[in-house]
Amino acid sequence: MTRQDAEAAMKKMLDGELGSGTQIAAEMITALAKIYDADGFLPVKSSQISGVSYKNIGEAGIEFLESLRSGDARARVRATLNPCGLDLDSWRELGFPEAFYRDQARVLDAYNALGIEMTCSCTPYLLGNCPAKGDHVAWSESSAISYANSVLGAMTNREGGPSALASALTGFTGNFGLHLEKNRIPRQSVVIRCNIESYLDFGTLGLMLGKKLGQDVPFITGLKKEHCTPENLRQLGAAMAASGAVALYHVDGVTPEAKKHAVSIKKGEITIPSMEISELDEIVDVVPAKKDVAGALKVDMVFLGCPHYSRQDVMDILEGLRGKKLHATLWIATARTVKKSILEDTDLTRQLDPRIKIVSDTCIVVCPIDALGIKSVVTNSGKAYFYLKNNESLAVVYRDTQACIESALSGTVAIGRRT
Ligand code: F3S
């Protein structure tokens, strides 16, 4: 599409020719393009929309969505939805209040009427909304933005929920920020001199780098290729986007744009020195009051699946738990389609302790956790840890996956990061 074609399409929408809902969306895209001094408009291949939980969006959000719906707006490109505030099938069994379910259903009805797919997952790229290298998209889930830009080589700004929705309804975004090659050039060199191997290590590193980098694009060297699995990169990006606002990173020899940027670093170097990773945990303050809680704190819930797990990730956990008795609730968050296919395997499910809950559509961060009576959580996710530790009525412990499983089995916090 030429620049003129994009402008003509936007003008039609701005003039109200496609209805007042689309007109509002076009006005939002135009206003943002103006603020950020965009170089025209770009068609987007897809949109990923956050701001779905009623806990976050509230009545004002529903009103906004309904104003778009009453103005006949509809998604013009593929648009998928982030997790909402509860599991749509099992909310009652999991203990969510009925009033919250009713409010959440109104939010989802409003998105549904706008033509947004009810995927309710933060890993849309595992569910078919997977852009190719160089595709322009408008995504607003921070972990998915990081994965799309860094691992897939697609191009998206760090959209907010409303602007990603406006892109879905118009099919366009402003051509600025990370849509421009010049802004994808790394500004910071990060040299890793310690051994980063596990899922937990990648989360710890991500939390530390997010704090140091803010919005900068880093070029990371020193990570071994065999440790940079898709799961570990998801964890790294999610944590960096939570403790900072990193929307794109390059890993030497791993990510698709690293090669062309290897020589273009402009700013100074951040070095993560050679040390035990447990020391790194202490530096970034990610294991709270370890001595006080380890071995003593009763665990209400162990949470895995942030960002949402793939089918293989879930199966890896479940296989190890066949026939074992748990003493704490274990939530494993994933997409609804994954949950459905696993629950159909009755040979597996009848060997699983009923405290194991494969949870879809939501996660522990966006659901109203206080309403579930949960007081203590152990998680292997840097991002989940980062957000949950701000909840004063919750004790949160960050452990590696094996220690999380040990905690679920014993019902108390496993001692040490690797048990
Ligand atoms: Fe996804 Fe919730 Fe984590 S939305 S990235 S599982 S905080």
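Trainee: Which element gives the most residues to the lining of the largest pocket?
Mentor: The model is predicted. The largest pocket holds about 710 Å³ of space, and 36 residues line it. Elements that give two or more residues to this lining include helix 6 (142–152), helix 7 (161–170) and strand 10 (301–309). The most, six residues, comes from helix 3.

Trainee: Between which domains does the largest pocket lie?
Mentor: Residues nearest the centre of the largest pocket include Ser50, Asn82 and Val366. Both domains in question give residues to the lining, so the pocket lies between domain 1 (3–181) and domain 3 (296–414).

Trainee: How many charged residues are in the lining of the second largest pocket?
Mentor: About 590 Å³ of space lies in the second largest pocket, and its lining has 24 residues, with Arg158 and Gln215 among those nearest the centre. Domain 1 (3–181) and domain 2 (185–277) both contribute to that lining, so the pocket lies between them. By residue class, the lining has ten nonpolar, seven polar and, as charged residues, seven.

Trainee: Which element supplies the largest share of the lining of the largest cavity?
Mentor: A search of the whole structure finds one cavity of 30 Å³ or more, and the largest cavity has a volume of about 40 Å³. Its lining includes Ile29, Glu159 and Phe176. At least two lining residues each come from strand 5 (172–174) and helix 2 (20–35). The largest share, three residues, is from helix 2.

Conventions. Residues are numbered from 1 along each chain as its sequence is written. This is a predicted model: local features need pLDDT of at least 70, side-chain atom pairs count only at pLDDT 80 or more; totals for chains, interfaces and linings use all residues. Side-chain values use heavy atoms; hydrogens and water are left out. On a 1 Å grid over the protein atoms alone, a cavity is a set of points where a 1.4 Å probe fits but cannot get out, and a pocket is an open set with protein on both sides within 12 Å along at least five of seven lines; lining residues have an atom within 4 Å of a point. Grid points are joined across faces, edges and corners, and a volume is the space filled by probe spheres set on the points. Helices (H or I, at least four residues) and strands (E, at least two) are DSSP runs, numbered from the N terminus. Domain bounds come from an automatic or database domain assignment. Ala, Val, Leu, Ile, Met, Phe, Trp, Tyr, Cys and Pro count as nonpolar, Asp, Glu, Lys and Arg as charged, and the others, Gly among them, as polar.
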